[in-house]
Amino acid sequence: MVTYDKNTKYINMLKGISVIVLYFSVSLFKTLPLDILNIDYTKLSLLTKEIYSVSVEVLMILAIFLIFKDQFIKAFKDLKKNHLNYFKGNFKYYLLGVIIMMISNSLITILGGGTSDNETAVRSQFELAPIYTFISAVILAPIVEESVFRLSFRNIFKNNFLFILISSFIFGSLHLLGMFDSNLFFLYLTAYCSVGVAFAYIMAKTNNIFVSMGLHFMHNGILLSLQLFVLLFG
């Protein structure tokens with residue numbers, strides 16, 4: 001939960017900025033510890049890469065928890081009291097985001113656009129390492145992404161419109177790196193931003209990160225289940 005007063009305003013902003021910097025630093029310098037030890041990440045076995053990647057993500061989550069500890073605890077206590085109302089009252093916004101995503105993806109297909117680079121990478125990774133992909137995409141990614149793109153940005157932006165707009169745009173754009181020159185970029189962006197907008201709106205409405213995080217768990221689980229179905233029967 002995020003509170004805004006004279007005593008917490010700048011502390012909240014500092015926490016939010018710290019987690020955002022941590023996230024991008026880990027993303028950019030993920031293999032730095034191995035480089036320091038003169039270990040070539042590309043030559044590691046697939047299992048070793050999976051263990052290393054999960055370890056890095058878990059350590060980042062632990063660091064995020066330490067930074068947001070008080071807010072997580074308050075949000076968890078609030079969730080225990082209001083979880084039914086929160087999920088019943090906000091599930092419709094998630095569904096709206098999914099509908100917009102599906103319409104955007106349909107238009108992309110009709111207009112001759114292919115699968116985004118991010119989606120292609122996830123599918124390839126799932127075929128090579130299904131267990132790791134499940135752990136990373138369904139369990140770890142929602143924790144990290146909601147903490148970074150929802151809670152961190154909410155700590156920085158008190159204004160609902162700015163929070164929803166900026167956090168969702170950055171969230172969607174990062175899934176489309178390398179596709180900025182596509183003629184259908186804005187359709188791809190709409191597809192990726194739609195659910196992000198829903199999650200950000202739900203975060204602003206409930207002021208509880210675990211509501212959007214719970215829906216994010218479910219969303220990624222459904223998508224990966226569909227991916228598994230296609231892989232087995234497609």
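Begin by selecting Tyr52, which is buried at 16% relative accessibility (buried means under 20% relative accessible area, exposed over 50%, partly exposed in between, with a 1.4 Å probe and protein chains only). The model on display is predicted: local features need pLDDT of at least 70, side-chain atom pairs count only at pLDDT 80 or more, and totals for chains, interfaces and linings use all residues. Residues are numbered from 1 along each chain as its sequence is written, and side-chain values use heavy atoms, with hydrogens and water left out.

Rings of Phe, Tyr and Trp (its six-membered ring) pair if their centres lie within 6.5 Å; planes under 30 degrees apart count as stacked, over 60 as edge-to-face and the rest as tilted. Tyr41 belongs to the loop between helix H2 (32-36) and helix H3 (46-67), while Tyr52 lies in helix H3, eleven residues apart. Helices (H or I, at least four residues) and strands (E, at least two) are DSSP runs, numbered from the N terminus.

Now select Lys49. Its charged end sits over the ring of Tyr41, 5.5 Å from the centre (NZ of Lys or CZ of Arg must be within 6 Å of the ring centre and within 35 degrees of the ring normal).

Remain in helix H3 and select Glu57. Glu57 is buried but has no salt bridge, and the nearest side chain of opposite charge, Lys30, is 5.6 Å away. A salt bridge requires a side-chain nitrogen of Lys or Arg within 4 Å of a carboxyl oxygen of Asp or Glu. Apart from neighbours within four places in sequence, Glu57 is in contact (heavy atoms within 4.5 Å) with Tyr132, Ser136 and Leu140.

Move on to Phe185 and Phe186. Their ring centres are 5.6 Å apart with planes at 75 degrees, so the pair is edge-to-face. Phe185 is buried, with a relative accessible area of 9%, whereas Phe186 is exposed at 63%.

Then select Tyr23, Phe24, Phe149, Phe153, Phe157 and Phe171, which form one aromatic cluster.

Finally, display the whole protein. The structure holds 14 aromatic pairs. Its secondary structure comprises nine helices and zero strands, and buried residues make up 41% of the 234 residues. The C-alpha atoms fill a box of roughly 50 × 50 × 35 Å along the principal axes.

Notes:
Lys and Arg count as positive and Asp and Glu as negative; His and the chain ends are not counted.
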